[in-house]
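Try each task before you read its solution.

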Amino acid sequence: MPKTTPQTTASGVVFTGATLTAAQELLAESYGSVWIGPSGEESSGEAVARHLEAAVALLDKDGWSRIHTYNYNRATSSGVDADLADDESMTVKQMLRALLRFVRTESDIALDPRRSLSTALRHVGEDGGHGDTDTAVVAGYVLDRLIQAHTGSASARAMAWSERQHRTYADITALLCAGARFARAYGPVTPVVAGAA
């Protein structure tokens with residue numbers, strides 16, 4: 001496997017042209033095409049690049065979180081029974097108050113708009129304006145190859161790399177921008193659709 005020397009700056013990791021070239025070599029050695037998503041159809045490099053750039057825009061707008069966390073104990077620790085047991089001794093008024101407290105507590109968790117890298121890629125695909133499920137998955141494949149080239153490890157994965165405790169938002173945007181450059185430089189020009197003439 002080609003090895004590149006990881007470079008960092010004060011603002012984050014730098015993905016050099018050598019890293020992109022090494023990632024292309026890994027891509028050429030890959031079993032099957034990384035440009036084919038779950039639908040079985042090929043995504044163009046341009047479509048994947050747009051998806052990655054939309055993920056940067058989404059993270060710029062809503063914020064980045066290193067990991068996506070769920071706080072299941074929050075309601076219980078605030079005095080709200082998370083199970084909302086059907087207690088026959090409770091009045092309707094008490095049940096409604098407990099339910100409202102529970103909903104408020106849960107909505108506090110949902111109000112945090114920040115996204116992890118994997119969530120941002122998935123949400124761009126679900127939105128449909130700048131990508132779809134296929135481009136989300138292919139974008140992940142592309143980012144994996146970049147991280148493999150960057151670290152020199154064949155088992156490296158972009159999502160795990162993005163969740164390291166020392167990772168910064170600048171690192172994530174550098175990866176996404178490098179992924180977009182890579183997709184445009186090395187991706188298929190036009191998607192191949194099965195059965196198309």
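## Exercises on a predicted chain

The chain holds eight helices and two strands. The model is a predicted one.

**Exercise 1. Decide whether T151 is buried, partly exposed or exposed.**

Solution. Locate T151 first: it sits in helix α6, which covers residues 133–151. Then read its relative accessible area, which is 30%. Buried needs a value under 20%, and exposed needs one over 50%. The value of 30% lies in between, so T151 is partly exposed.

Now look at the surroundings of T151. Its side chain reaches the backbone nitrogen of S153 at 3.2 Å. W161 is ten residues from T151 in sequence, and their C-alpha atoms are 9.6 Å apart.

**Exercise 2. Decide whether T173 is buried or exposed, and find what its side chain reaches.**

Solution. T173 belongs to helix α8, residues 169–186. Its relative accessibility is 16%. The cut-off for buried is under 20%. Therefore T173 counts as buried. The side chain of T173 reaches the backbone oxygen of A170, at 3.1 Å.

**Exercise 3. Compare the span of α8 with the expected span.**

Solution. Count the residues: α8 has 18. At 1.5 Å a residue, the expected span is 26 Å. From first C-alpha to last, α8 reaches 25 Å, which is close to that value.

Then list buried residues of α8. Among them are D171, I172, L175, L176, G179 and F182. An α-helix has 3.6 residues a turn, so residues three or four places apart point the same way.

**Exercise 4. How do α2 and α5 pack, and which residues meet?**

Solution. Find the two helices: α2 covers residues 45–62 and α5 covers residues 117–127. Their axes are 9 Å apart, at an angle of about 110°. Angles of 65 to 115 degrees count as roughly perpendicular. So α2 is roughly perpendicular to α5. The crossing of α2 and α5 is right-handed.

Last, pick out the contacts. H51, L52, A54, A55, L58 and L59 come from α2. They meet A120, L121, H123, V124 and G125 in α5.

How values were computed. Residues are numbered from 1 along each chain as its sequence is written. This is a predicted model: local features need pLDDT of at least 70, side-chain atom pairs count only at pLDDT 80 or more; totals for chains, interfaces and linings use all residues. Side-chain values use heavy atoms; hydrogens and water are left out. Helices (H or I, at least four residues) and strands (E, at least two) are DSSP runs, numbered from the N terminus. Buried means under 20% relative accessible area, exposed over 50%, partly exposed in between (1.4 Å probe, protein chains only). A polar contact is a pair of N or O atoms within 3.5 Å; within protein, one must be able to donate a hydrogen and the other to accept it, and residues adjacent in sequence count only if both atoms are side-chain atoms. The expected span of a helix is 1.5 Å times one less than its number of residues. Axes are lines fitted to C-alpha atoms, for helices over the stretch in contact, and angles run from 0 to 180 degrees between N-to-C directions. Angles under 35 degrees count as roughly parallel, over 145 as roughly antiparallel, 65 to 115 as roughly perpendicular and the rest as oblique. A crossing is left-handed if the near helix is turned anticlockwise from the far one by less than a right angle, and right-handed if clockwise. Contact means heavy atoms within 4.5 Å.
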